Amino acid sequence: MDYFPIFLKLSTRPCLLVGGGEIALRKARLLLQAGATLTVLAPTLGAGLAALAEQGALRHVAERFAPHHLVGMRLAVAATGLADVDQQVADAAEAAGIWVNVVDDPQASSYITPSIVDRSPLVIALSTGGGAPVLARMLRERLESLIPAGWGRVADFARVMRERVAARIANSDARRAFWESVLAGPIVQDLVAGNLDRAEALLSDRLAASDGIPRGAVYLVGAGPGNPDLLTFRALHLMQQADVVLYDKLVAPALLDWVRRDAERIFVGKTRANHTLRQEEINQLMVRLASEGKRVLRLKGGDPFIFGRGGEEIETLAQHGIPFEVVPGITAASGAAAYAGIPLTHRDYAQSVTFVTGHRQDGSINLDWPMLCRPGQTVVVYMGVATTPALCEAFIRHGRSADCPVAMVERATLIDQRVLVSTLADLPGRIAELEIRSPSLMIVGEVVQLAAKLGWFAPRGAGEPATIGESVQKPG
Ligand code: SAH
C-alpha cells in the first residue's frame, strides 16, 4: 500500500488553498463541504471564488505565496496551475510538516485526494495512487450505481442508534452479529424509503428480543484453487463476517485480503517448531473458539470435502453441538482443468473422471491401479508432485501406454500458473528439469492432448482472454 487512507476531521480546522482559478474553486467547494476554515491565497480571484468570499464562506488573502502563510494551517492545497509556485508551496509545507496536495501532481504532494462516492455520512473514497484517475472514475461510477442514494440514511440511522444498541448488547461480537442481521433485513428498505419511524420500531423489537449472548459457529469454507475471482458469493459473505479465521498453507495469501480486516488470523498449517498442527488440535481449537461465541471461519483450499479432511472436522463439531455450515469451493481439478484448457471428460476420449491422492501412506501408493488404467477415463492426481516417478511407473506397469498424455498444472488459476504437457514416460524427467513444485495437479488421459489442440487461452479478468503464465509444451 503506497498510500494510507484516512478520513480527516477538517471541521473548523484552518486550511490553506493557494490559487484563485477554476481548479482552486473545485477544491474549495470540497474543503468547505467538510467544514474547513478556509483561507484562499491568490492575488486575484475568479468569479466563483469571489462569490464565496463575498458570502463569507472563506477568507481571501490577496497576496503572493510566502512560507509564513502556512503558519497555523493543518492542510494545504496548491492549485495555481503554475508549476514553480505550486512546487514552492509543496516544499514549504513539507518543511513545516503540513500535509500538502498539489493538484494533478502526486509527485509533489504528500497526500492525494481520492475519488469520492458521497452518501454522507456514508463516504467511499477510492484511489489508484494518483496513477490512473480514469480507472478510479470508472470504478466510482460503478459504485455510484451500486449504492442507492438512500444509504446515507441507513448509515445515519445506524450512527444514531449505535449507543442504544451498545447499552443493551455489551459483548462486541454479539453486537456485530446483531447489526449484521438487522442491516441485512427489511429495515434497510424502510430507511431507503424514508420510513424512519417504522425502522426505529423494528429495531426496538429486535433489540428487545436479543439476549446479547454471542452465538458461535464454524463455517467450513472452500476458497477455491487460489484465484480470488473463483470464490463463491457465500464464501465471500462469510469471510466478511468472521471473528477469527483458521487457514493453512494451501490458502493463497491473496485470498486472506478478502477476510474481514479485524478478524483474528490463525495459521494452522505449521507451528513455530515447523510441525503441522495435528488435525485433532485444529478440531479442538475450532470447538473452543466457537464455544466462546466466535464465528470461526475455517478456510480451506479448493473444496473442503475433496481431500480436505472436512468430514473429520464437522464430525467433531457435531459431537460438541457446535452449529456449522459447509460452503463448497472450486476444487483444484476443476480450476486446473479450466485454466489449462483440458476438458476432464470428452465424448470421444473420456467418459469418466477419477480424483485420487498421490500421497504415500506408509511408503506405498495405495491405489486401485487396474481400475485407474482402464481406457476411456481421466485420472486427476492430487498431492502427487513428490511421488511423480512412482506414479508414472505404476500407470505404465498396469497397462497405460508410455505415450499416454499427461499434464502437470502448477499453481493452477494463479497469475504464475505453469502448464507442463508431457507423457507418462517423460514426465518425471521434465518435472525435475522445470522444477515443478507443490501445489501441482497431475492430469492423466487422452483429454490432455486437447489443451495443445485447442490452442488454449485461459480467461483471466472480467471475460478478457489472456495467455496462461507459461505454457511448457512437449518438445517436438
Ligand atoms: N481440498 C483441496 C485439495 C487439498 S489436497 C481441493 O479441493 O482442491 C492439496 C493438493 O491439491 C495439492 O497437493 C495439489 O495437488 C492440489 N492443489 C490445490 N491447489 C492447487 C493449485 N492452485 N494448483 C494445482 N494444484 C492444487
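**Close-up views of a predicted model**

**View 1. Five strands, β10-β9-β11-β8-β12 in order, make up an open sheet with parallel pairing.** The edge strands of this sheet are β10 (264-267) and β12 (324-327), each of which pairs on one side only. From one strand to the next, the twist averages 15 degrees. Helix α9 (residues 233-241) packs on the sheet and touches β8 (217-222), β11 and β12. The direction of α9 makes about 135 degrees with that of β12. The coordinates shown here and in the other views belong to a predicted model.

**View 2. Strands β9 and β11 run parallel and are joined by three bridges.** Strand β9 covers residues 244-247, and strand β11 covers residues 295-300. Val244 stands opposite Val296, a residue of β11. In the strand order of the open sheet, β9 is placed between β10 and β11, and β11 between β9 and β8.

**View 3. Strands β6 and β7 form a hairpin, with two residues between them.** Strand β6 spans residues 115-119 and strand β7 spans residues 122-126. The two strands run antiparallel, and five bridges join them. Ile116 has Ala125 in β7 as its bridge partner.

**View 4. Helix α5 packs with helix α6 at an angle of about 145 degrees.** Helix α5 consists of residues 151-168 and helix α6 of residues 172-183, and their axes are 12 Å apart. The α5 and α6 crossing is right-handed. On the α5 side, the contact is made by Val154, Ala158, Met161, Arg162, Val165 and Ala166. These residues meet Arg175, Phe178, Trp179 and Leu183 of α6. Sorted by class, the contact of α5 with α6 contains eight nonpolar residues, two charged residues and no polar ones.

**View 5. Ser422 is located in strand β16, which comprises residues 418-423.** Ser422 counts as buried because its relative accessibility is 4%, and buried means under 20%. The Ser422 side chain reaches the backbone nitrogen of Leu427 at 3.5 Å. Leaving aside residues up to four places away in sequence, Ser422 touches Cys404, Pro405, Val406, Leu427 and Arg430.

Technical notes: Residues numbered from 1 in each chain as written. Predicted model: local features only at pLDDT ≥ 70, side-chain atom pairs only at ≥ 80, totals over all residues. Heavy atoms only, no water. Helix = DSSP H or I, 4+ residues; strand = E, 2+ residues; numbered from the N terminus. Buried < 20%, exposed > 50% of the residue type's maximum accessible area, 1.4 Å probe, protein only. Polar contact = N/O pair within 3.5 Å; in protein donor to acceptor, adjacent residues only side chain to side chain. Contact = heavy atoms within 4.5 Å. Axes fitted to C-alpha atoms, helices over the stretch in contact; angles between N-to-C directions. Left-handed = near helix turned anticlockwise from the far one by under 90°. Nonpolar A, V, L, I, M, F, W, Y, C, P; charged D, E, K, R; others polar. Pairing = 2+ DSSP bridges.
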